[in-house]
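Subject: Structure for you to look at, with notes

Dear colleague,

Please find below the structure I promised to pass on, with the sequence alongside.

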Amino acid sequence: MPSRIVIVGAGQAATQAATSLRAGGYDGHLVLLGNEGLLPYQRPPLSKAYLSGAMGLDRVVLKPMEAWDEDKVEVHLDAEVTALDRQAKSVTTRDGQTFVYDALILATGSRVRALPCPGADLQGVHYLRSIADADGLGQDMQSGKRLVVIGGGYIGLEVAAVARKAGLEVTILEAAPRVLARVAPPVISDFFQTLHRDAGVTILTDVKVTAIEGTDCVAGVALADGRTIPADLVLVGIGIIPNAEVAREAGLKAEDGIETDVDARTSDPAIFAIGDCASRPLVHYGQRRGRLESVHNALEQAKLAAAAILGLPRPVEEAPWFWSDQYDIKLQIAGLSTGATYSVVRGDPSQKRFAVFHLDADNRLLAVDAINAPPEFIVGKQVIARHGQLAPARLADMSVSMKEIGAGA
Amino acid sequence: MAKVTYIEHSGTEHVIEVPVGTTIMEGAVKNRVPGIDADCGGACACATCHVFVDAAWIEKTGKPGSMEESMLDFAEGVTPLSRLSCQISMTAELDGIVVRLPAAQH
């Protein structure tokens with residue numbers, strides 16, 4: 001067993017790794033290196049309850065310093081790791097501190113994709129990844145102001161919902177023909193477009209942003225079709241990039257994310273990668289690998305890495321899952337729909353309670369998107385993880401309960 | 001602050017002062033009480049913070065909302081005393097509440 005474990009990162013994956021190592025009986029030296037100057041915190045509320053003001057900083061922080069002390073974790077919060085020396089088994093921070101490890105866990109997360117157009121650095125252009133980002137955006141979000149959201153993904157839609165509730169005028173600009181195009185089927189996109197439009201949001205699809213206009217502050221967003229959408233503030237939510245550079249420079253295999261095996265181990269047996277920065281085998285989906293940008297993935301990979309380091313049995317992998325809150329709607333997604341050949345809608349979208357099941361040619365369930373429909377989500381998640389098959393006609397029949405459907409799969 | 005007694009499945013008790021306005025789940029997670037995972041952080045999205053409220057206190061916690069009820073329906077070993085602890089906000093009235101934790105959350 002190692003006697004010095006260093007965790008690079010201070011997000012949800014890093015926190016869970018530390019917790020699981022201690023819970024699993026590790027009593028050696030444990031170092032956590034964060035670079036935001038803040039104790040580890042949850043990111044999901046930043047586009048929801050934290051942004052709206054319903055949840056303060058003390059509640060977003062995962063646990064207080066005393067809890068870290070009790071777990072005997074040496075926490076550094078201004079330690080940005082800039083180099084990894086695999087021969088010396090050490091990492092070095094920007095300010096020159098070196099930390100030696102027997103086992104290293106990279107939980108370096110991701111950063112926002114920058115908008116590649118003129119004016120993107122004007123005052124009033126926001127991204128949303130950190131507490132600092134959320135604070136900056138929140139300060140600018142005053143009732144009556146005009147917010148333009150660039151990117152109709154989860155971050156953009158969640159911020160739009162909070163902004164509408166706060167009395168802002170909101171326009172969402174999406175390059176694809178529909179919002180959530182990368183992550184959800186058309187019926188889900190349609191549902192959210194209707195939801196937001198009913199709440200007073202303007203949604204423009206198939207539009208290309210060419211510039212942010214303004215002198216010091218943002219004044220508008222210019223589109224390729226010649227229109228300019230007036231704006232007092234802009235939120236850019238066009239995806240994230242895994243922080244894999246340090247690993248790559250050290251010679252670890254890392255194309256789109258740091259590549260790991262099923263135990264979250266990288267191509268160097270002493271180094272693990274977990275969370276947003278990692279590309280993992282998608283064990284419920286044949287030979288595929290990929291990055292999963294979710295809390296569930298962060299927690300699960302942290303547990304896998306801890307178990308592997310301590311020589312404990314590998315935790316059972318769940319189907320990937322994810323959630324989003326917008327207005328009074330809870331979207332819960334389990335699984336990955338890539339490779340599905342057809343889908344079945346259960347329930348009625350106009351009732352704001354339905355689910356879309358994605359199946360392959362053998363009627364095997366690959367994914368479910370559930371709107372205010374926990375039974376569909378929970379049963380679907382279980383069926384996906386055991387690679388179960390479902391009869392489409394039964395699935396669409398609301399008189400058959402999800403418990404019955406799950407029992408037969 | 002209001003007092004919460006968490007009783008692990010093994011019988012180990014944790015008595016914690018939890019700030020009013022925060023949830024029973026948060027009190028457990030922030031004080032390293034094992035047995036409440038709360039993967040979703042309190043969004044009522046994962047059903048991994050299931051607790052059994054002591055019978056003497058269940059009335060005072062109020063009724064679960066429809067999302068919570070629906071999630072709870074699939075929790076392991078659910079009873080009429082089951083709640084998702086992320087959906088119980090601490091109030092002065094709940095000072096002294098006792099909750100029991102299930103064997104496992106997954």
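Two strands are said to pair if DSSP finds at least two bridges between them, and the strands (E, at least two residues) and helices (H or I, at least four residues) are themselves DSSP runs, numbered from the N terminus. Please keep in mind that this is a predicted model, in which local features need pLDDT of at least 70 and side-chain atom pairs count only at pLDDT 80 or more, while totals for chains, interfaces and linings use all residues. Residues are numbered from 1 along each chain as its sequence is written, chains are lettered from A and ligands numbered from 1 in the order in which they are written, and side-chain values use heavy atoms, with hydrogens and water left out.

Sheets of chain A

In chain A there is an open sheet of 5 strands with parallel pairing, in the order S3-S2-S1-S7-S20. Strand S3 (74-76) and strand S20 (271-273) of chain A each have a single partner strand, so one side of each is left without a neighbour in the sheet. Neighbouring strands of this sheet are turned by 15° against each other on average, direction ignored; for this and the angles below, axes are lines fitted to C-alpha atoms, for helices over the stretch in contact, and angles run from 0 to 180 degrees between N-to-C directions. Strand S7 (residues 103-106) of chain A is joined to S20(A) by 3 bridges, the two running parallel, and Leu106(A) has Ala273(A) in S20(A) as its bridge partner.

Two helices lie across this part of chain A, where contact means heavy atoms within 4.5 Å. Helix H1 (residues 12-23) of chain A lies across strand S1 (4-8), strand S2 (29-33) and S7 of chain A, and runs at about 160° to S1(A). Helix H9 (residues 295-310) of chain A lies across S1, S7 and S20 of chain A, and runs at about 165° to S20(A).

Chain A also has an open sheet of 3 strands, in the order S13-S14-S15, with antiparallel pairing. Its edge strands, each pairing on one side only, are strand S13 (209-214) and strand S15 (228-230) of chain A, and the twist averages 25° from one strand to the next. S13(A) pairs with strand S14 (residues 218-223) of chain A in the antiparallel sense over 5 bridges, and these two strands form a hairpin with 3 residues between them. Within that pairing, Ala211(A) stands opposite Ala222(A), and Gly214(A) has Val218(A) as its bridge partner.

Strands of chain B

In chain B, strand S1 (residues 2-7) and strand S5 (residues 97-100) pair in the parallel sense over 4 bridges, whereas strand S3 (residues 50-53) of chain B runs antiparallel to S5(B) and is joined to it by 2 bridges. Val99(B) takes part in both pairings, as the bridge partner of Tyr6(B) and as the residue opposite Val53(B).

Salt bridges and the interface

A salt bridge here is a side-chain nitrogen of Lys or Arg within 4 Å of a carboxyl oxygen of Asp or Glu, and by this rule the count over all chains is 25. One of them joins Arg86(A) and Asp268(A), with the closest N and O atoms 2.9 Å apart. The two residues are 182 residues apart, Arg86(A) being in the loop between strand S4 (81-85) and strand S5 (90-93) of chain A, and Asp268(A) in the loop between strand S19 (257-259) and S20 of chain A.

Between the chains, 20 residues of chain B are in contact with 27 residues of chain A. The buried area, meaning the accessible area (1.4 Å probe) that two parts lose on being put together, summed over both, is about 2000 Å², of which carbon and sulfur atoms give 56%. On the chain B side, Lys30(B), Arg32(B) and Phe74(B) lose the most area to chain A, together 35% of what that side buries. There are 4 salt bridges between chain B and chain A, and the side chains of Arg59(A) and Glu26(B) meet in a salt bridge at 2.6 Å, N to O.

Best wishes
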